[in-house]
Amino acid sequence: MKMTRDEKIAAGIVLSETKHNGHRRAFFHDYSRPGLYMITLVTEGRLRLFGRIVGHSSEKKGTENYPHLEYSRLGSVIIHEELAKISQFYPMVEVCKVALMPDHIHLLIKVREQLPHGKHLGNVVRGFKTGCTRAWWKLQDEMGISGGMVGNTVPEALVGRTVPEASPSGMRPVLFEKGYHDRILMGDGMLENICRYMDENPFRAKLREEHPNLMQRCLHLWIHDREYAAFGNLFLLKNPDRLQVFFHRKDKEGRPTHLTLEYAEAKEQLLQRAEEGAVLVTPGISKGEQGIVTGALTEHLPLILLQKEQITDYWKPSHDRFYACATGKLLILSPRSMPGDSDYERFHSLNDLAHDICHATDTRILRIGCGF
């Protein structure tokens, strides 16, 4: 007998991946053919159900106290039981690597052969999500949990979080939020970066926990006459010695600025000022500005970097910039509204904002973001 949609949802069957959704990246890509993908699944409401990060960031990699996830019962079931079912149902699919975090999962999945007719990567992910949801329900029943409660107490993994209750119709909540994020991996360099990112997930989480003042996410920051979102060391804005880094792409004679002797001398002077305590401020757009950004990051010098990309609750900077934030040397700012319609106008607008930040005396924090 064919099940209705409500009956499927009540049974824990995830329906969202049978259609394209906002998390899917490449609509031109055939997800039924061989390929290598990183899949990210996030728990509904960001509930920390899979365990907790233990250890310390100062410990050496490979030692017992190096940051890692201590599995909850659900986390252990997913790792030791549910993951294996992917290849059982789809022998042509291999789970190459897993990174389980308290509230999300990264899977490195390889589709070795063409999937069966009518099947694609979304079906594989949907089946895994459904299995994990059912495993969660089973554990809740075994532990006497109703809506995430054990008796009158909340499990440690749920402390401080909103626990989803069953709907008035009696439907139980699903484990994961709707949809998933996928990234198509192409080339050995990309694979190496993704594997490193997955391996370092617990370490980065512990680093953020241990250095909250250096890795703040501020979603509403008012500087001069404009609102920004920010990530990093907000104390850099208090440094009175802030220097704007601004270089045109070409000099007055039409030569690439970053290849001139004048640029080399200016770069040396700017980095020297930063070594003496000044904070460099730039959007890092032109090659000349990018050279200063690279130099500051390499030499661990204080830097305020403007960007067009929006900073949201769960946005994180890339590898080198993440660690620059952790050492207190970087603040990333994103204006809430980007003036200008063309790349040329935005280029000059961001440099105008860098100028304002260097001379601003009025800075107000309106809201510190969450999602660390």
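**View 1. Four strands, in the order S4-S5-S1-S8, form an open sheet with antiparallel pairing.** Strands here are DSSP runs of E with at least two residues, helices are runs of H or I with at least four, and both are numbered from the N terminus. Two strands count as paired if DSSP finds at least two bridges between them. At the edges stand S4 (93-100) and S8 (181-184), each with a single partner strand, so one side of each has no neighbour in the sheet. From one strand to the next, the twist averages 20°. You are looking at a predicted model: local features need pLDDT of at least 70, side-chain atom pairs count only at pLDDT 80 or more, and totals for chains, interfaces and linings use all residues. Residues are numbered from 1 along each chain as its sequence is written, and side-chain values use heavy atoms, leaving out hydrogens and water.

**View 2. Strand S1 (residues 35-42) meets S8 through 4 bridges.** The two strands run antiparallel. Look for Met-38, whose bridge partner in S8 is Arg-183.

**View 3. Helix H2 (residues 73-89) packs on the sheet.** H2 touches S4 and strand S5 (104-111), where contact means heavy atoms within 4.5 Å. The direction of H2 makes about 165° with that of S4; axes are lines fitted to C-alpha atoms, for helices over the stretch in contact, and angles run from 0 to 180 degrees between N-to-C directions.

**View 4. Helices H4 (residues 188-199) and H5 (residues 201-210) cross at roughly 50°.** Their axes come within 4 Å. Tyr-197, Met-198 and Asp-199 of H4 make the contact with Asn-201, Pro-202 and Arg-204 of H5.
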